[in-house]
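Please read them with the coordinates open beside the text.

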Amino acid sequence: MEDQATSVEDRVRAAQVEARARHISHNVRCLECGHQSIEESAADIAVRLRKVIRDDIRAGRSDKEIYDRLTTEYGETILYSPAFDAQTAVLWLGPVAVIGAIAGATFYRGRAKQRDVGRMADALFHGIPLTPSEHRMLKSLVLPPSQRRAWTWPSLWKL
């Protein structure tokens, strides 16, 4: 009876080790393949690393200790999500900076274009004696729909 309990405990322990090893292996990049995790790769180094991870788990090391050992031996590039530090700040902040720069430039160009069209419309009617309502009506005909701004506060006050 005790043998069966030990056998069940051993199987549960082996399943736990296997689950932890698979989780860690999914987060570690194959050094030979590059685009696969060591869990998916059949390369010799991936097989060796999977064995090292399982041995470390059986030895009682934590996930952090295993990741630290792998990065010490193979470098930061072995992990799919490198730590945020001075060396990897460009990897983490670069995409955000590029997207921000593109959004800023697009916004700036759009605002400059709006100002130019508005100035051209004002210059078109400059020197022509028009009442304010005639000026608004002609400007609404000249400006594209996105720049008419029919619902601004000054236009609502004049209703």
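1. In this predicted model, helix α2 passes helix α3 in a right-handed crossing. The side of the crossing that belongs to α2 is formed by Ile45, Leu49, Val52, Ile53, Asp56 and Ile57, while α3 contributes Ile66, Arg69, Leu70 and Tyr74. Sorted by class, this contact comprises 8 nonpolar and 2 charged residues, with no polar ones.

2. As for the geometry of the pair, α2 covers residues 44–58 and α3 covers residues 63–74, and the two pack at an angle of about 140 degrees with their axes 11 Å apart. Because angles over 145 degrees would be needed for the description roughly antiparallel, the two helices, α2 and α3, are to be described as oblique to each other.

3. Which residues of α2 are buried? They are Ile45, Ala46, Leu49, Arg50, Ile53, Arg54, Asp56 and Ile57, and this list can be read beside the contact with α3, to which α2 contributes Ile45, Leu49, Ile53, Asp56 and Ile57 among others.

4. After the helix comes Gly60, whose phi is positive, near 95 degrees.

5. Arg54, one of the buried residues of α2, may also be viewed against Ala14, which lies in helix α1 (residues 2–26). The two residues, Ala14 and Arg54, are 40 places apart in sequence and 10.0 Å apart in space, C-alpha to C-alpha. With a relative accessible area of 44%, Ala14 is partly exposed.

6. Phe84 deserves a separate look, being placed in the loop between α3 and α4 (89–125). Its relative accessibility is 55%, and Phe84 therefore counts as exposed. Once neighbours within four places in sequence are set aside, Phe84 is in contact with Ala89, Trp92 and Leu93.

7. Of its 159 residues, 21% count as buried. Among the contacts that link residues at least 6 apart in sequence, 44% join residues at least 24 apart.

Terms used: Residues numbered from 1 in each chain as written. Predicted model: local features only at pLDDT ≥ 70, side-chain atom pairs only at ≥ 80, totals over all residues. Heavy atoms only, no water. Axes fitted to C-alpha atoms, helices over the stretch in contact; angles between N-to-C directions. Helix = DSSP H or I, 4+ residues; strand = E, 2+ residues; numbered from the N terminus. Parallel < 35°, antiparallel > 145°, perpendicular 65-115°, else oblique. Left-handed = near helix turned anticlockwise from the far one by under 90°. Contact = heavy atoms within 4.5 Å. Nonpolar A, V, L, I, M, F, W, Y, C, P; charged D, E, K, R; others polar. Buried < 20%, exposed > 50% of the residue type's maximum accessible area, 1.4 Å probe, protein only.
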